[in-house]
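Here is a friendly briefing to read with the structure open beside you. It begins with a pair of helices, then turns to a chain interface and to salt bridges.

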Amino acid sequence: MARLSPSHRRHLFQLAAIVLILLLGVLMFFIGRQHTILLDNKTLEFEGKSYQAFSIVEVAVDRQERLELAARDRDKADVLGQRHVLSVWYTDKAFQEHELKVKFSVPVGQDMVLVSLPALVGGAPESVWLQPYFPPTAVAPPVSEEPVVVDDLGVIPVSF
Amino acid sequence: MIRVRQLIKSFGWPRIIIALFLLSLFIIAPMVGVKVSSSLSDTIARFGMNGIMVLAMVPMVHSGCGLNFGLPLGIIAGLLGGTLSIQFGFLGGSSFIMAVLLTTPFAVLFGFGYGKLLNKVKGGEMMIATYVGFSSVAFMCMMWLLLPYTSPTMVWGYTGSGLRTTISTEGFYLHVLNDFLKVQIGENFSFPTGMMLFFALMAFIVWAFLHTKTGTAMTAVGSNPVFARASGINIDRTRTLSVIMSTWLGAIGILVYQQSFGFIQLYMGPFYMALPAVSAILIGGASVNKATITNVVVGTFLFQGILTMTPSVMNSLIHTDMSEVIRIVVSNGMILYALTRKSEATR
Amino acid sequence: MNVLKETRGEKFFRVLEKNAVPILFLAICAIGIPFSGYSLNYLGQEVITRISRNSFLIIALLVPIMAGMGLNFGMTLGAMAGQIGLIFITDWGIGGIPGMVLAMILSTPISAFLGWMCGKILNMAKGREMVTSYIIGFFINGLYQLIVLYGMGAVIPIKSPALILPRGYGIRNTVNLISLRKSLDNIWAIKVFGLSVPVMTLIVIALLCVFIVWFRKTKLGQDMRAVGQDMEVARAAGIKVEHTRIVSIVISTILAGYGMILYLQNIGTLNTYNSHMQIGMFSIAALLVGGATVNRAGIGNVFLGVTLFHLMFIVSPMAGKNLIGQAQLGEYFRVFVSYGVITIALVLYEVRKRRDKARVGRLLAQDQTDVKEVK
């Protein structure tokens, strides 16, 4: 390896640092991306097969709290990042309790996905139980339920 | 060619750009359906309103105290005079005269203290002046609440104490200067002769003062303190005098402003009033240590012209009101330009 | 013989004057707290919140003071850069810690560029850095408005309807940072005596303090102090004065950007056109309340300042209401005090600068008479 002059080496380090920071930025973009996962407990007909809705099912995304869904219910979970674990607790026809854990990843750039629980438990392929979801109408700006916290610095005018 | 170049140099590029910008606004205006006559009339009215506050920069620049960022202090003296005149029940033209008279002792007192303070901080005047302005405005905010004003036109109706944020000058000195010998040409153009005469009077007083013995001493203090001291001028006293003058002019300036604008703005109203005045005189060709009456006239006209023209022209041209942004960039850019230039010690 | 012989009274007043501002504030707080009627628990919680919220921003002011450039009123530039970073991550839907980190990464080049520009301009205005940096803040605010109010959504792609004004371009007045709110504070919040303490945020602030202490000892830090002492001497010693000054402003601006992101993650709402303009003034006031001066400030001043200044800030409206019957009065009072304290600090700095010159003169004269006496 050819020896580099100190200034060259310095530039190389600077370049490497910039690349590293850019990579970190890209990484943050993926692991910090917010997604909404819609969890659906509805009977699904797909290619002639019917996946029957549960009368009651519990589901949790990652380590969030369990959501209880009756038949035809839909709920949502807000998550960060692409890869998630879905835990489903259900009772089968023989009143046997089962727990199912499935790993999946949200497609890049998708804000919302719809997970059909009956299809998931019924053993359908991922493309069936995990589908991209687009809100039917333009999203109205979300109204924040939490009170808007402001600092008490807003007493002075800021422009003339 | 060389003479042209020298002329340009003495006028300064930023000024030429701004003047051309204003000129182009006046040329575009009729094409996009903005009436030039009414715009011109507005510009002149605003010139008269703001001129004296810009004039208030001159004495302090002359004595080497830098730009008067502490203009709000003078404005407060004016507010005190104006509100007191209304409180004492003067009406019409007499209320304006009384306001001027009542303002004067406050302006002299404030200016004296402010001048003494600035003498202690030579070299750092501008920053301290800024903050003297701000803190005096904030202090007066408390005072407006506490002072025992009782005039029902001025105090809050439901509590009966504490002054309102804006007080109408209608019935008092609204348009007393504007309407004096007013010339109305056509429907859209009017010339507020009284206000312009008043401005001319003030400008003349300042000009004449600067040509008296004390006035030339003031200029000497600003341009060459060592020489001034050697020739036996009391530097601190001269500086204090200049600050008193600036403060008084600021106070009179706000009264003229109010009589045209129609409202007395209290509380946070005067907070940033120094900055437009500062940038106006700088646009007119002044620098941190050099300012003339011509600078005041040219600068105020250019600055107020841009302020009046940009909103209407921009709005009809691109249907967006970007005038606010243009104003902020132009006025602060101008101040920055002046601050970063090597200050000419001698002229 | 380096010690000036002075009477005890002179010395007492010198020490008193040196700490005049903190003592004054202690007095205001001591009077205000009982009259406000707030419980100590409430005040304690508020103070902890504000230390974690504001310290980072205030520490960002320390570097230019080291380099003798006074109080960096241009820290608003960094705050704007931080806000632009936050607008982007909100639009892209990045939340939590990754969102914060990404906002910081985005803000860095913007801060660095603005800081470099600010440093260049300040080098042209030596001797009036403070007023110049103050005006730069306003000037760049104009450009910021141009970009955020007119550019975003029109030229710069922003797609989220929650951010864009109904007219189709420009960012709304308030941006809800709900996905970011307290994401750092809540990572590790513990309860101490019933007060919740955001340990993780405090660790970040502690790391910054360590960085500042370390930085003072580096070659660059030493250079800055030399430049701050005397530019000409530093130049003679082979230090690149202009470059060093620019670097100090760049560092300060970048840190201010990070500080703003930290501040806003705690607040949870971005006031697009206001937050940055107010933060500079309040950070500077807090630092000065802590006993810092225009040319000397340490980490101790930061924390003392945040505590005292914000105690005053919390207490005064209620104290005003209970004392005089008008909460409004207390609100104006605290604005007055914020500006007043900056004014006093600036005046004291200038007066002291002149007096120190006189003191050096007296010291010289005394040395000469001492020599004569020995003879």
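In this predicted model, helix H8 (residues 199-217) of chain C packs with helix H11 (residues 241-267) of chain C at an angle of about 170°. Their axes lie 12 Å apart. Because angles over 145 degrees count as roughly antiparallel, H8(C) is roughly antiparallel to H11(C).

**How the two helices meet**

- Two packed helices are described by the angle between their axes and the distance between the axes.
- On the H8(C) side, the residues that meet H11(C) are C:Thr201, C:Val204, C:Leu208 and C:Phe215.
- Their partners in H11(C) are C:Ile251, C:Leu255, C:Leu262 and C:Gln265.
- Sorted by class, this contact has 6 nonpolar residues, 2 polar ones and no charged ones.

- The size of an interface is often given as the accessible area lost when the parts come together.
- For chain B and chain C, the area buried between them is about 3,700 Å², with 76% of it on carbon and sulfur atoms.
- In chain B, the residues that lose the most area to chain C are B:Met127, B:Tyr131 and B:Leu336, which together make up 18% of what that side buries.
- Contact across the interface involves 45 residues of chain B and 38 residues of chain C.
- There are 0 salt bridges between chain B and chain C.
- Polar contacts are found there, in 5 residue pairs with both residues at pLDDT 80 or more.

**What the chain B side is made of**

- Helices H6 (92-120), H7 (125-146) and H14 (323-340) of chain B each supply at least two residues of the side that touches chain C.
- Which helix gives the largest share of that side? H7(B) does, with 14 residues.
- By class, the side of chain B that touches chain C has 29 nonpolar, 10 polar and 6 charged residues.

**Salt bridges in the structure**

- Side chains of opposite charge can pair when their charged atoms come close.
- Over all chains, the structure holds 16 salt bridges.
- One of them joins A:Asp40 and A:Arg74, whose closest N and O atoms are 3.3 Å apart.
- This pair links distant parts of the chain, since A:Asp40 sits in strand S1 (residues 34-41) of chain A and A:Arg74 in strand S6 (residues 73-80) of chain A, 34 residues apart.

Note on methods: Residues are numbered from 1 along each chain as its sequence is written. Chains are lettered from A and ligands numbered from 1 in the order in which they are written. This is a predicted model: local features need pLDDT of at least 70, side-chain atom pairs count only at pLDDT 80 or more; totals for chains, interfaces and linings use all residues. Side-chain values use heavy atoms; hydrogens and water are left out. Axes are lines fitted to C-alpha atoms, for helices over the stretch in contact, and angles run from 0 to 180 degrees between N-to-C directions. Helices (H or I, at least four residues) and strands (E, at least two) are DSSP runs, numbered from the N terminus. Angles under 35 degrees count as roughly parallel, over 145 as roughly antiparallel, 65 to 115 as roughly perpendicular and the rest as oblique. Contact means heavy atoms within 4.5 Å. Ala, Val, Leu, Ile, Met, Phe, Trp, Tyr, Cys and Pro count as nonpolar, Asp, Glu, Lys and Arg as charged, and the others, Gly among them, as polar. Buried area is the accessible area (1.4 Å probe) that two parts lose on being put together, summed over both. A salt bridge is a side-chain nitrogen of Lys or Arg within 4 Å of a carboxyl oxygen of Asp or Glu. A polar contact is a pair of N or O atoms within 3.5 Å; within protein, one must be able to donate a hydrogen and the other to accept it, and residues adjacent in sequence count only if both atoms are side-chain atoms.
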